Amino acid sequence: MRGLQIKARLFHDGRRWVATGDRFTAYGVTLEELGENVRRAVTAAGIYPPGTKVTVVLRFDYDTLPNAAWYRQYMPYYFDHLISFAVGR
């Protein structure tokens, strides 16, 4: 999907996944739930008109894991996510 790209931080707070961007924060117990809530949060922020195609780039924040240096090589493959959708749809 072409369109705007929004960068966001992804981490787990011990209970749920959290995605934070410049103008939104979304939570989800599962990554699927987080994806739905990211769509809702971006739409609710009212920044983009309905129908705007966006891709939210969720980059995992390694600093949230203690002593993560030894397995950093694997983390992007498992945790970074892209969520593409049209705002308001």
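Modeller: A residue is termed buried when its relative accessible area is under 20%, exposed when it is over 50%, and partly exposed in between, with a 1.4 Å probe and protein chains only. The model is predicted, so local features need pLDDT of at least 70 and side-chain atom pairs count only at pLDDT 80 or more, whereas totals for chains, interfaces and linings use all residues. Residues are numbered from 1 along each chain as its sequence is written, and side-chain values use heavy atoms, with hydrogens and water left out.

Colleague: Why is Leu31 called partly exposed?

Modeller: Its relative accessible area is 32%. That value falls between 20% and 50%, so Leu31 is partly exposed. Leu31 is found in helix H1, where helices are DSSP runs of H or I with at least four residues, strands are runs of E with at least two, and both are numbered from the N terminus.

Colleague: Which residues does Leu31 touch, apart from those up to four places away in sequence?

Modeller: Leu31 touches Trp17 and His81, a contact being heavy atoms within 4.5 Å. Leu31 and His81 are 50 residues apart in sequence, with their C-alpha atoms 9.2 Å apart in space.

Colleague: How do you know that the span of H1 is close to the expected one?

Modeller: The expected span is 1.5 Å times one less than the number of residues. H1 has 15 residues, for which 21 Å is expected, and the distance from its first C-alpha to its last is 21 Å. After H1 comes Gly46, with a positive phi near 70 degrees.

Colleague: Which residues of H1 are buried, and against what do they pack?

Modeller: The buried residues of H1 are Leu34, Gly35, Asn37, Val38, Ala41 and Val42. They pack against strands E1 (4–12), E2 (17–20) and E3 (25–28), and also against E4 and E5. Leu34 illustrates this: beyond its neighbours within four places in sequence, its contacts include Leu10, Trp17, Ala26 and Leu58.

Colleague: What makes a set of residues a nonpolar core?

Modeller: The members must be buried Ala, Val, Leu, Ile, Met, Phe, Trp, Tyr or Cys residues joined through side-chain atoms within 4.5 Å. The largest such core here has 19 residues, and those with the most contacts inside it are Phe24, Leu34, Val38, Val42, Val56, Leu58 and Phe85. Two or more residues of this core come from each of E1, E2, H1, E4 and E5.

Colleague: Why is the pair Glu36 and Arg39 called a salt bridge?

Modeller: The term requires a side-chain nitrogen of Lys or Arg within 4 Å of a carboxyl oxygen of Asp or Glu. For Glu36 and Arg39 the closest N and O atoms are 3.1 Å apart, so the pair qualifies. Both residues lie in H1 (residues 31–45), three residues apart, about one turn of the helix. Glu36 is partly exposed at 37%, as is Arg39 at 27%.

Colleague: How many salt bridges does the structure hold?

Modeller: It holds four. One of them joins Arg16 and Asp13, whose closest N and O atoms are 3.2 Å apart. Another is formed by the side chains of Arg59 and Asp80, at 3.1 Å from N to O. This pair links distant parts of the chain, 21 residues apart: Arg59 is in strand E4 (residues 53–60), and Asp80 is in the loop between helix H2 (75–79) and strand E5 (81–86).

Colleague: What makes the pairing of Asp61 with Arg9 a polar contact?

Modeller: A polar contact is a pair of N or O atoms within 3.5 Å; within protein, one must be able to donate a hydrogen and the other to accept it, and residues adjacent in sequence count only if both atoms are side-chain atoms. The side chains of Asp61 and Arg9 make such a contact at 2.4 Å, which is within the limit.
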